[in-house]
Amino acid sequence: MKRIVVAVGALLLGAGVVLAQQDVAVQQQNLMKTQGKSMYGVMLKMVKGEIPYDQAAVTAAMTDLEAQVVKIPTVFTPNPKEDVADANFGASQKIWQSKADFDAKVPPVSKTIAEVKGSVKDAASLKVAFDAIQAKCTDCHETFRVKLK
Ligand code: HEC
């Protein structure tokens, strides 16, 4: 009987660990998705003329992006050791093999947002700002993001 209790306990513990790792992976993905919302759901759509240019919405998107980007090094501290179920992208193991290199990709994003945000006044200047920020996002994605499908 005692042995069964221990075995069930271990099973539950195992399930808990798996769940926690999915939680970490989901949390990391959610941070990126939030950034994606500001970049692609707002700014890129305005650049492409899919939605009308809206200064207040651009300012809000830039402010939110700045607040999210600085969270990357902390949110990506635990290695979830698995990808979000059915995800398009995953985190490369290189992140946890060279965390300092990963973290070093973050300040250039913040710096670029700070530099360009004041210059945006219409769709044309937004395109310049968007491309500058996007280049810094890509600089990390090229090394540390894995395409799963
Ligand atoms: C320091 C590295 C790093 C930087 C900088 C970075 N990302 Fe990511 N990003 C990742 C990693 C790793 C993944 C894959 C794991 C994941 O989705 O959690 C990812 C995934 C994504 C995804 C896909 C999410 C999904 O649906 O699975 C989007 C969208 C994204 N990033 C947007 C951005 C944007 C926009 C920026 C710039 C403002 C940015 N990222 C900057 C590392 C970074």
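This report looks at one helix, a few annotated residues and the shell around a ligand.

## About the model

This is a predicted model, in which local features need pLDDT of at least 70, side-chain atom pairs count only at pLDDT 80 or more, and totals for chains, interfaces and linings use all residues. Residues are numbered from 1 along each chain as its sequence is written.

Val 58, Ala 61, Met 62, Leu 65, Gln 68 and Val 69 of α2 are buried (20 or more other C-beta atoms within 10 Å of their own; 12 or fewer means exposed, in between means partly exposed, and C-beta atoms are placed from the backbone). They cover an arc of only 130° around the axis (taken from the directions from the helix axis to the C-beta atoms), so they sit on the same side of α2. Over on the other side, Ala 56, Thr 59 and Ala 67 are exposed.

## Annotated residues

Which residues does UniProt list for "binding site"? The unreviewed entry names Cys 137, Cys 140 and His 141, though such annotations may be inferred rather than shown by experiment.

Cys 140 is in helix α7, residues 123-144, and is partly exposed, with 19 other C-beta atoms within 10 Å.

## Around the ligand

α1 (2-47) gives the most to the shell around the ligand, with 7 residues.

Notes. Helix = DSSP H or I, 4+ residues; strand = E, 2+ residues; numbered from the N terminus.
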